[in-house]
Amino acid sequence: MPFIITDPCIGTKDTACVDVCPVDCIHPRKDEAEFERTQMLYIHPDECIDCGACVPACPVAAIYDSVDSTPPSQKVLVDANAVFRVGDEAAVAKAEEIVTSHVSAHPDLMAVPPAERAAAHAK
Ligand code: SF4
Ligand code: SF4
């Protein structure tokens, strides 16, 4: 079961997780064309090997260890992680559309600083 990036990544996006992932399944990387225009990063669900290295690396606790552990307020982002593909314009657009919709639906969460957002997921 893949790990999932959620909304504390929005506004943070520091790529600390990319640096520790042993299988390069977190995208876009800083050297990929999509990096500047994505709102967050995504984990490829088929490539993630569930090693857990990205979780402690994330400064804002944006990464959950499974779909099941992803809080209800973040569930739509499971699909965003799943559809995003570097080099696939339609997939990038779809993932970003999901994120934009999530942001619009949760002004309460977006008003919380990224570092405190994960704590607000449970509320
Ligand atoms: S759990 Fe491991 S393989 Fe999966 S995204 Fe995190 S660092 Fe990469
Ligand atoms: S370490 Fe966390 S905030 Fe940074 S890019 Fe990865 S998921 Fe986003």
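**Exercise 1. State how many residues surround ligand 2 and which are closest, then give the classes in its shell.**

Solution. Around ligand 2 there are 14 residues, and the closest are C9, T12, A16, C17 and C58. Here a residue is near a molecule if its C-beta atom, placed from the backbone, lies within 6 Å of it. By class, this shell has ten nonpolar, two polar and two charged residues. Ala, Val, Leu, Ile, Met, Phe, Trp, Tyr, Cys and Pro count as nonpolar, Asp, Glu, Lys and Arg as charged, and the others, Gly among them, as polar.

The model is predicted: local features need pLDDT of at least 70 and side-chain atom pairs count only at pLDDT 80 or more, while totals for chains, interfaces and linings use all residues. Residues are numbered from 1 along each chain as its sequence is written, and chains are lettered from A and ligands numbered from 1 in the order in which they are written.

**Exercise 2. Find the residues of the largest nonpolar core that touch the most other members, and trace the core to its elements.**

Solution. Start with the term: a nonpolar core is a set of buried Ala, Val, Leu, Ile, Met, Phe, Trp, Tyr and Cys residues joined through C-beta atoms within 7 Å. A residue is buried if 20 or more other C-beta atoms lie within 10 Å of its own, exposed if 12 or fewer, and partly exposed in between. The largest core has 28 residues, of which I4, I5, C17 and I63 touch the most other members. Two or more residues come from each of β1 (4-5), α1 (16-20), β3 (42-43), β4 (63-64), α3 (76-83) and α4 (89-105). Of these elements, α3 gives the most, with four residues. Helices (H or I, at least four residues) and strands (E, at least two) are DSSP runs, numbered from the N terminus.

Next, take I63. Leaving aside neighbours within four places in sequence, I63 is in contact (C-beta atoms, placed from the backbone, within 7 Å) with F3, I4, I5, C17, C54, V55 and C58.

**Exercise 3. Determine which residues of α4 are buried and why they line one face.**

Solution. The buried residues of α4 are V92, A95, V99 and H102. Seen down the helix axis, they fall within an arc of 90 degrees, so they line one face of α4. The arc is that of the directions from the helix axis to the C-beta atoms. These buried residues pack against β3 and α3. On the other side of α4, the exposed residues are E89, A90, A93, E97, T100, S101, S104 and A105.

**Exercise 4. Describe the surroundings of Y42.**

Solution. Y42 lies in strand β3. With 27 other C-beta atoms within 10 Å, Y42 is buried. Neighbours within four places in sequence aside, Y42 is in contact with I5, H27, A80, N81, F84 and A95. Y42 and F84 are 42 residues apart in sequence and 6.7 Å apart in space, C-alpha to C-alpha.

**Exercise 5. Locate T15 and D50, and say whether each is buried or exposed or partly exposed.**

Solution. T15 lies in the loop between β1 and α1, and its phi is near 65 degrees, a positive value in a residue other than glycine. T15 is partly exposed, with 18 other C-beta atoms within 10 Å. D50 lies in the loop between β3 and α2 (54-57). Its phi is positive, about 60 degrees, although D50 is not a glycine. D50 counts as exposed, with 9 C-beta neighbours inside 10 Å.

Conventions. Two residues are in contact if their C-beta atoms, placed from the backbone, lie within 7 Å.
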